[in-house]
Amino acid sequence: LVEEFYTINLGVKKGLSGFRILSMDESRFTLLKTKEFGKIYGDSKNQSLSYAIQGRACVLFDLLNKICISGVFSSIGTDERKQAKQLLDYCEKKTT
């Protein structure tokens, strides 16, 4: 869907010197406390020793065209740089 947007849409806005202007946002999300989610995402404890099942979501946006290009979900222990590397392929694709 995103590739089609860039290839057949004549109204695509291009940024500086034809480059897209992209941004990335990372957030934590809380899930239900289940064994399955605990195995996939891990848990996060606070100072009172209670815990929550949390993961990380990282989303790549095209700012000028106001669309989400891609996103990844990862465990809470995943480094944001690793998520950025996963999204790098979407930054390098040609849009013309």
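**View 1. L64 in the loop between β3 and β4.** L64 is found in the loop that lies between strands β3 and β4 (helices, H or I of at least four residues, and strands, E of at least two, are DSSP runs numbered from the N terminus). This is a predicted model, in which local features need pLDDT of at least 70 and side-chain atom pairs count only at pLDDT 80 or more, while totals for chains, interfaces and linings use all residues. Residues are numbered from 1 along each chain as its sequence is written, and side-chain values use heavy atoms, with hydrogens and water left out. L64 has a relative accessible area of 31% and is therefore partly exposed (buried is under 20%, exposed over 50%, partly exposed in between, with a 1.4 Å probe and protein chains only). Together with L16, I21, F61 and L63, L64 makes a nonpolar surface patch of about 420 Å². Patches are made of residues with over 30% relative accessible area and no salt bridge; nonpolar side chains (Val, Leu, Ile, Met, Phe, Trp, Tyr) are joined within 5 Å, like charges within 9 Å. Areas come from the Shrake-Rupley method with a 1.4 Å probe, and for residues only the protein chains shown count as cover.

View 2. A57 stands opposite F73 in β4. The hairpin has 4 residues between its strands, and K66 takes a positive phi near 55°.

**View 3. The largest nonpolar core.** C58, L60, I69, V72 and L87 form this core of 5 residues. β3 (51-62) and β4 (67-75) each supply at least two of its residues. A nonpolar core is a set of buried Ala, Val, Leu, Ile, Met, Phe, Trp, Tyr and Cys residues joined through side-chain atoms within 4.5 Å.

**View 4. The salt bridge of E26 and R56.** The closest N and O atoms of E26 and R56 are 2.5 Å apart (a salt bridge is a side-chain nitrogen of Lys or Arg within 4 Å of a carboxyl oxygen of Asp or Glu). The pair links distant parts of the chain, 30 residues apart, with E26 in β1 (residues 22-31) and R56 in β3. E26 is buried at 19% relative accessible area, and R56 counts as buried at 16%.

**View 5. The salt bridge of R81 and D79.** The closest N and O atoms of R81 and D79 are 2.8 Å apart. R81 counts as exposed at 61% relative accessibility, whereas D79, at 36%, counts as partly exposed. The whole structure holds 2 salt bridges.

How values were computed:
Two strands pair if DSSP finds at least two bridges between them.
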